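Keep the structure open while you read.

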Amino acid sequence: MNTLIDHATGALREPKASAGNRREFLKTASAGMTLAATSGTLATASASAQTATGTKAAANLPSGADNFYISRSVTMRPVRFKSQYQMAVAGNLFVPHNLDRGRKHAALVVGHPMGAVKEQSANLYATKMAEQGYVTLSLDLPFWGSSEGQPRNAVSPDLYAESFSAAVDFLSSQAVVDPQRIGAIGVCGSGSFVISAAKIDPRMRAIATVSMYDMGAANRHALRRSQTLEQRKQIIATAAQQRQAEFNGAPVQTTGGTVLELTADTHPIQREFFDFYRTPRGEFTPPGASPRTTTQPTLTSNVKFMNFYPFNDIETISPRPLLFVSGTEAHSREFSEDAYQKAAEPKELHWVTGAGHVDLYDRVTLIPWDKLTAFFGKHLVAASAG
């Protein structure tokens, strides 16, 4: 991977703090904002910094990996706001230190990968874009992290998309934000959720996705359409059986997600996710959660993705612009290619040469910050003038 292109700009500075210290800082901030879902009151919870599979020396991290980056020029503040369905959404608001508070500024919503939380990739993107002068907001999708929703780790594509619109509600209410200049970034699964949201929320004036997964297609067909209809029906039947069992009192079961340990037979894609989610590179266990079930959706709800078609009518987002960013070696590249083909102009498909799917979660020397900055700079400014 040493041949990958460096897209970072000179304005992006690396901190000296260790990844472990940054992770603990984020856990502390998150713990203070944990919502007791049964009572609607704020509670403090302890956080576990342990993975289920041991540790990995920071020296072995991939080049440029910096998921827990903290900027000296940006202030982060935990926030909470309600969705249209009166569910509390947890987020982190990032504001540049040198922001002119006498003016209104462009803002961005950032969504995390499916099965992750805002402390994994979303905070990084929000921080880096705040360094470029944007007010940014990372969020926990409903049922994940510190956002409301029971059972934990449940799948609800509609509520996921709604959380992006709720984030726009929140940003639009901020005195320093121009409501006509709000954009959005979705990483991995959030790429499909933000597209779903943008189709019916024109307040999102420019949308970018990075390493996007179409969570509907991925569950219906698997990668490269490798799953048969009969296999899909078996998954649905198993979920229905488990649903009845849980109604009758059986414990909630989870499915999928990232493996807890590597074996000789572990698939290369699972190894790629393991390197991020199960090592100090990106491991983060929210307060009250177990490191053994992070990334794993509930079995009975995961079939909701079978009815999720985010690219249907994607062309109706036009004339608002779309940017799809993917690595040339990403196992997920088919989803960005599909979305680009179906979208209407203005649209752009940007390739990061040699990068894999997870590389664009946190490898700051590979993520094309210059491209993202130019895209939102051009289109959010144009939106305010239009």
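## Sheet and pocket

Strand E7 (residues 177-187) runs parallel to strand E8 (residues 207-210), and four bridges join the two. Strands here are DSSP E runs of at least two residues and helices are H or I runs of at least four, numbered from the N terminus; two strands pair if DSSP finds at least two bridges between them. Gly186 sits opposite Thr209 in E8.

A heads-up: this is a predicted model, where local features need pLDDT of at least 70 and side-chain atom pairs pLDDT 80 or more, while totals for chains, interfaces and linings use all residues. Residues are numbered from 1 along each chain as its sequence is written, and side-chain values use heavy atoms, leaving out hydrogens and water.

Eight strands make up an open sheet of mixed pairing, in the order E3-E4-E6-E5-E7-E8-E9-E10. Its edges are E3 (74-82) and E10 (347-352), each pairing on one side only.

Angles run from 0 to 180 degrees between N-to-C directions, with axes fitted to C-alpha atoms, for helices over the stretch in contact.

| Helix | Strands touched | Angle |
|---|---|---|
| H4 (residues 190-198) | E5, E7, E8, E9 | about 140° with E7 |
| H9 (residues 333-342) | E9, E10 | about 160° with E10 |

Now the pocket lining: H5 (215-221), H7 (268-277) and H8 (299-302) each supply at least two residues to that of the largest pocket. H7 gives the most, four residues.

Conventions. Contact means heavy atoms within 4.5 Å.
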